[in-house]
Amino acid sequence: MYKIKRENPKPLYIQLEELIRNKIESGEWKPDTAIPSEAELNRLYDVSRMTIRSACSQLVQEGVLYRVPGKGTFVAEPKIMTETLAHIGFREQLERMGYETTTKLLDVSKKEASYSVAKRLKCHPGAPILEIIRMRYVKGEPISLHYSRIPYELCKNLEVDDLENEQLCVLLEKNCNLKPSRITETLESVGANEKESQLFRLPPGYPLLVLEDIMFTKDDDPFEYSKVVFRGDKIKLKYEYSI
C-alpha cells in the first residue's frame with residue numbers, strides 16, 4: 001500500500017499526488033466519485049492543507065480530478081487513448097474500444113479556398129473546394145469537431161448524405177477513388193474560441209487539441225486538408241514509431 005513517508009526526499013505534495021493517482025488507477029477511487037475532503041485527507045495522511053491543495057490543483061490541471069463548487073473534488077473519467085488519425089479514423093477507433101458514438105453533420109458547402117487552405121492543397125486561392133464540418137459525440141457529449149476541405153473537382157461524386165453514418169475516408173475511397181499514400185500531421189494546443197466554446201459547451205479559452213492532416217495521393221498530390229479539434233481533457237493521442 002502506498003504511504004507518505006516524511007523521510008523520503010520527495011516533496012510531500014508530490015507523494016500525495018502519487019498516492020491519489022495510485023488510488024484512482026487501482027480502481028479504489030471510481031470516476032465521478034468525490035475524493036476525501038481536505039479535512040479528511042489531513043486526518044488520514046497528516047499533511048497540511050496547503051500540501052493537499054497543491055497536490056489536488058496539479059491533478060485538476062492535468063484532468064485527473066475535477067472540482068464542483070460547493071460539493072468538492074471528484075475523480076475525472078480517464079482520457080480516451082487514441083492513435084494518430086493517419087492510420088485509422090477516429091470514429092472507428094472509438095467504436096473498437098466500445099464507445100457509443102454519434103456524428104452530427106453541421107455543414108457541407110462549396111466554397112472558395114482561402115489563402116491558407118489553398119497553400120495546403122496546392123491550388124490557387126479562390127479555387128472551388130468542398131468544406132465539410134462535423135461534430136462527433138461520445139455518450140451524447142461533444143468530443144471532437146472535424147473540418148475537411150477537398151478540391152471540388154476531386155469529390156463531385158461524394159455521397160454527402162452518408163456522412164453522418166459513414167467515415168469520410170471510407171466514402172472518399174469508395175466514391176472518389178481517393179486513398180492516402182502519404183500524410184503530414186501537426187498537433188498543437190489551443191484555447192477554445194467563441195464558436196468552439198459553444199459547440200463543445202465549454203467556457204472560452206478551455207484547453208483543446210488541434211490535429212491537422214494533409215492527405216496525398218500516390219502521385220503525391222494533396223487531396224484533403226483536415227483539422228480535428230479535440231477536448232484536451234478527454235483525449236490522449238498515442239504515437240508509435242519503429243526505429
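This is a predicted model: local features need pLDDT of at least 70, side-chain atom pairs count only at pLDDT 80 or more; totals for chains, interfaces and linings use all residues.
# Notebook: loops, cores, sheet and cysteines

I began with Lys 139, which I located in the loop between β5 and β6 (141-151).

Residues are numbered from 1 along each chain as its sequence is written, and side-chain values use heavy atoms, with hydrogens and water left out.

I looked up phi for Lys 139 and found a positive value near 50 degrees, in a residue other than glycine. Lys 139 is exposed, at a relative accessible area of 60%; the classes are buried under 20%, exposed over 50% and partly exposed in between, with a 1.4 Å probe and protein chains only. I then turned to Lys 122, which is not a glycine either and has a positive phi of about 55 degrees. Lys 122 lies in the loop between α5 (115-121) and β5 (128-138). Its relative accessible area is 60%, so Lys 122 is exposed.

**Entry on the sheet.** I traced an open sheet of six strands in the order β4-β5-β6-β9-β8-β7, with antiparallel pairing. Two strands are taken to pair if DSSP finds at least two bridges between them. I recorded β4 (101-112) and β7 (182-191) as the edge strands, each pairing on one side only. Neighbouring strands are turned by 15 degrees against each other on average, direction ignored. These angles come from axes fitted as lines to C-alpha atoms, for helices over the stretch in contact, and run from 0 to 180 degrees between N-to-C directions. Between β5 and β6 I found 10 bridges in the antiparallel sense. Tyr 137 has Pro 142 of β6 as its bridge partner.

**Entry on strand β9.** I placed Arg 231 in this strand. Which side chain does that of Arg 231 reach in a polar contact? I found Glu 141, at 3.0 Å. A polar contact is a pair of N or O atoms within 3.5 Å; within protein, one must be able to donate a hydrogen and the other to accept it, and residues adjacent in sequence count only if both atoms are side-chain atoms. Arg 231 is buried, at 7% relative accessible area. Ser 226 also belongs to β9 (residues 222-231) and counts as buried at 7% relative accessibility. Beyond four places in sequence, Ser 226 has contacts (heavy atoms within 4.5 Å) that include Tyr 147, Leu 211 and Met 215.

**Entry on the cores.** A nonpolar core is a set of buried Ala, Val, Leu, Ile, Met, Phe, Trp, Tyr and Cys residues joined through side-chain atoms within 4.5 Å. The largest core has 16 residues, and Leu 16 and Trp 29 are among those that touch the most other members. Helices α1 (12-25), α2 (38-45) and α3 (49-61) each give two or more residues to this core. I also found a second, separate core of 13 residues, including Leu 158 and Phe 223.

**Entry on cysteines.** How many disulfides does a search of the whole structure find? I found zero, a disulfide being a pair of cysteine sulfur atoms within 2.5 Å. The cysteine sulfur closest to that of Cys 176 is in Cys 155, at 5.9 Å, which is too far for a bond. Cys 176 counts as buried at 15% relative accessibility. Cys 56 is buried as well, with a relative accessible area of 6%.

Key:
Helices (H or I, at least four residues) and strands (E, at least two) are DSSP runs, numbered from the N terminus.
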